[in-house]
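Thanks for making time this morning.

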Amino acid sequence: MACQSVAAVMDEQALLGLNPNADARYRQRAMAYFEQLKESQDAWEVCAEALAKGIYNDDHVKFFCFQVLEHQIKFRHASLSVVQQQLIRETLMKWLQSQLMSARPEKPFIRNKAAQVFALVFIMEYLTLWPKFFFDILSLVGLNPHGVDIYLRTLMAIDAEVVDRDIMHSPEETRRNTLIKDSMREQCIPSLVESWFQILQTYQLSHPELTCQCLEVVGAFVSWIDLNLIANDRFVNLLLSQMSVEELREEACDCLFEIINKGMDPVDKTKLVESLCQVLQSAGFFNVEQEEDVDFLAKFSRLVNGMGQSLVLSWTKLAKAGNVKDAAETLQAVESKVPLLLQLLVHEDDDISANIVGFCYEYLHVLKQLPQLTDQQKANIEAVMLAVMKKLTYDDEYNFENEGEDEAMFVEYRKQLKMLLDRLAQVSPELLLEAVRRVFTNTMQNWQSAAFMEVEVAIRLLYMLGEALPASHGAHFTGDTAKTSALQDMMRTLVSCGVSSYQHSSVSLEFFETVVRYDKYFLVEPQHIPNVLMAFVDHRGLRHSSPKVRSRVAYLFSRFIKTLHKHMNSFIEDILTRIQDLLELAPPENGFPALLTSDDQLFMFEAAGVLIVNGDSPVERKQALMRSLLTPLMDAFRLLLDKLPQETEDERQTALADCLSHAVGFASRTSKAFSNKQTVKQCGCTEVYMDCLQTFLPALSCPVQRGVLRSSVRSFLHRMIICLEEEVLPFVPAASEHMLKDCEARDLQEFIPLISQITAKFKRQVSPFLQQVFMPLVLAIFEVLARPAEDNDQTAALEKQMLRRSYFSFIQTITGSGMNEVMANQGAENMERVVFTIIQGAVDFPDPIAQKTCFIILSKLVELWGGKDGMVGFPDFIYKHIVPACFLAPLKPTFDLSDAQTVLTLSECALTLKMIHLKRGPEFIQFLQQEYLPSLQVSPEIAQELCQVLQQPDVKVLKSYIKAFFQRAKL
């Protein structure tokens, strides 16, 4: 029951901790008090009384009391007594009554919390205990502004709980919400709508903030109530009148948008939109250029977009249904909005323009579906094109060197415009091509005197045509079409008119982007390649004043070279000379920023490699050029590696190690130029890459910065295993020895693929080496896996899991390469130890990926050693360990047969059993029937059934039977 003396019961000391400025001790006490009140059977009632009687003036205490009440309603409502539930209702109504009499309203955060509590009580009790919820509130509140405010906030809180589609609800909550909405439609929605009308009418001049709140409520509720209650002359006229009131018109726009958005019959929707448009037009809202308030215009543009999209949707439905007359009328309605659409699309404010893009896109989609276009529709297409071209243009304020939020928004807006351009190309490719050609040609004729944004957009449009008018594999310049000749003319103009010298970074970037997008053009007119190459390598490209341009051009340069290297034979050495300074390793100690970052330089080294490898020079010349490219890297590497161990400062060490890593990375990147047609050997470059190996491998024994150095040298070794032949093999043992010293889980995990790669490529050639490295590697893995780790250390657990997988993959590679001697020659004890880890991996670790690999290995070992002439003692091992593994693994509770990956593991398990039968024959069947399956309490009938399936040739039947067998066994 309610407590008599509130002051005596509430913990005043704890309440002091509610103030955000209170010290930690008080705050902790307040938190503890909150928990106590939440969990108590009736102590929370003091909060109810405090609210009902207005005992506390402190806002934080009031908020606290509402929070306590909220918890009771949300989590304990069902366990409250009837009296307590009544107490909550009375408390809320008394508090609401006190608001009506108060001179000043509560702070917004308290009103919002109160509204949430009202909404929670409504959800819990409307269908059962409090069906008159709204009538009680409305009869109490009347038109009192403070009361109306709480009423409207409560409606929005109810919308959030019951209607808002962005909030996830359980199936039970969804059912409850549906019942609440159905009940409201039947019982109280007309009264609520009437209350909204009265509020809108009463307060539109005196209390604009209440009117805006009410408009928001109407917009929220209109999606699920009877539209006729709102879409009638009385209500719509009131909304339209509010479109003319400055403080209300943005909310009125949003409200009308929600009304328009409501799903309804297509003919009715067209009528509604048209009647609304008529009124808006006669009220002068379509005269967009006379409106100065951009915030309102952004909302109005969204409204027009909604009306346009609604009409298009109606047209689509009517056309699909074959309703020719109504479809024609709706299309006419769509067409009549196009002049307004164009005004908004071309508006200088991008938000206003962006809000209408959806309607514009869908209108173009309609035109695409029409069998024939009228002259007016063609004119509309052209007008949209011109608008898009105009709006793609940068403004003066765009900051190219330091792009912030505004710039990011413009980039996003440009993407929307690109969608329109692509759609225009689908509707009328000829018109688009002609329009772009006209703009491009006019601009290029006067580029010296044109503003940068005009020049940039002209080139940008040419670039965008590449995607808008698709061609397979970028073949824009093959076939004798109007498109081919137009694009060829524009490209010729671009590369010969001198615009690459324009002094603005955006124009420079667009020039190079376009040249590379249409690199196939130079296959048709290769005479322009030298001029473009000069632009790449001088102040216009790689030496541009803007780091952003230089960085992007480095990447584009490598792409350009890759496509067109066959046409560059006569000036390969000239290019290499011109870019020589860009191929230097930037030493860590010089304080000058390099022209290119190390990431950019990777592209330069790749381009240099492509030029050398694919040129027509004799082998000796290629060898000399490659050596002159790589020798400076090796020289610098040696010097820096000598310095590194002597450095004591961490920062300097890191800088040196990064520099060493870059040197290795650059050398590695040059090797990407080789191919099956142009191998390292054919180009005479084997020796220089072996020198690189000789130079880089000592870094593996460097006592500092091991992680960075090992990683880069390991990557280089991967590349060399691909590019070199057996010449790489002498380097592998020493490298392996260094990499296995003092290693962590991740080091091993990254080292194993290297050994697997060598094994897969060289097979028998590396058998002696593998026999030598096998146990050291395996023991290093065992040692790392055995290291203790914290129970809750997720990272360590994951690293161990990944290492385990890598280990099993390594064993699989060896067994799969047919080199059984590698394992067989490790001595009986080591062999046994390794094979037991495979059994353990198959059964004990709940990791289906690793388990699958283990069963593949076991199957392979049975194939290699399980036959009559196999390894001595192995058949015994099969019966003692491999057969049980095939049954114990799937019987584990963690073996989830509904998981796709686990089912794949089970398939491999079945194949292992099949392989045992293949190698051991009737002896295996006898073992299963007479010894093993009886030990698992499998009935003789089921055992016989399984053995029959095992003896059938069809593996598919076995796989599905095994799955059913274990599903039954787990029931």
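Which residues does Asn177 touch, not counting residues up to four places away in sequence? Before I answer, please keep in mind that this is a predicted model. Asn177 is found in helix H10, which covers residues 171–187, and, leaving out those residues up to four places away, Asn177 touches Glu161, Val162 and His169. With a relative accessibility of 2%, Asn177 counts as buried, because the cut-off for that word is under 20% relative accessible area.

Let me go on to Arg153, which lies in helix H9, residues 145–162. Arg153 has a relative accessibility of 18% and so still counts as buried, given that buried means under 20%. Its contacts, again not counting residues up to four places away in sequence, are Pro108, Arg111, Asn112, Ala115 and Gln213. For a sense of scale, Arg153 and Gly841 are 688 residues apart along the chain, and their C-alpha atoms are separated by 60 Å.

Ser81 is found in the loop between helix H5 (59–76) and helix H6 (82–101), where it is partly exposed, at a relative accessible area of 33%.

Now to two helices. Helix H20, residues 357–369, has 13 residues, which at 1.5 Å a residue should span 18 Å, and since its end C-alpha atoms are 19 Å apart, the two values agree. The buried residues of H20 are Val357, Phe359, Cys360, Tyr363, Leu364, Val366 and Leu367, and what covers them includes helix H16 (294–320), helix H17 (324–336), helix H18 (338–345), helix H19 (350–354), H21 and H22. Helix H21, in turn, runs over residues 375–391, and its 17 residues reach 24 Å from the first C-alpha to the last, close to the 24 Å expected. Within H21, the residues that are buried include Gln377, Asn380, Val384 and Lys391.

That brings me to the aromatic rings, for which the count comes to 51 aromatic pairs. Taking Phe410 and Tyr413 as an example, the ring centres are 6.1 Å apart and the planes are at 55°, so this pair is tilted. Phe410 and Tyr413 both lie in helix H22, residues 405–427, at a separation of 3 residues, or about one turn of the helix, and both are buried. Elsewhere, ring pairs link a set of residues into a cluster, among them Phe477, Phe511, Tyr518, Phe536 and Phe560.

Arg302 lies over the face of Phe257, at 3.8 Å from the ring centre, while the charged end of Lys132 sits over the ring of Phe135, 5.9 Å from its centre.

What about the cysteines: how many disulfides does a search of the whole structure find? That search finds 0 disulfides. Cys683 is in no disulfide, and the nearest cysteine sulfur, which belongs to Cys685, is 5.4 Å away, whereas the cut-off for a disulfide is 2.5 Å between sulfur atoms. Cys683 counts as buried, at 1% relative accessibility. Cys854 is likewise in no disulfide, with the nearest cysteine sulfur, that of Cys886, 12 Å away, and Cys854 counts as buried at 0% relative accessibility.

A polar atom of the Thr815 side chain lies 3.0 Å from the backbone oxygen of Gln812. Leaving aside neighbours within four places in sequence, Thr815 is in contact with Met823, Ile857, Lys860, Leu861 and Leu864.

I will finish with backbone angles. Most residues other than glycine have a negative phi. Lys763, however, has a positive phi, near 45°; it sits in the loop between helix H37 (745–762) and helix H38 (767–786) and is partly exposed, at 38% relative accessible area. Gln937 also has a positive phi, of about 60°, although it is not a glycine. Gln937 lies in the loop between helix H45 (922–935) and helix H46 (940–951), and it is exposed, with a relative accessible area of 71%.

Notes
Residues numbered from 1 in each chain as written. Predicted model: local features only at pLDDT ≥ 70, side-chain atom pairs only at ≥ 80, totals over all residues. Heavy atoms only, no water. Phe/Tyr/Trp six-rings, centres within 6.5 Å; stacked < 30°, edge-to-face > 60°. Helix = DSSP H or I, 4+ residues; strand = E, 2+ residues; numbered from the N terminus. Buried < 20%, exposed > 50% of the residue type's maximum accessible area, 1.4 Å probe, protein only. Lys NZ or Arg CZ within 6 Å of the ring centre and 35° of its normal. Polar contact = N/O pair within 3.5 Å; in protein donor to acceptor, adjacent residues only side chain to side chain. Contact = heavy atoms within 4.5 Å. Expected span 1.5 Å × (residues − 1).
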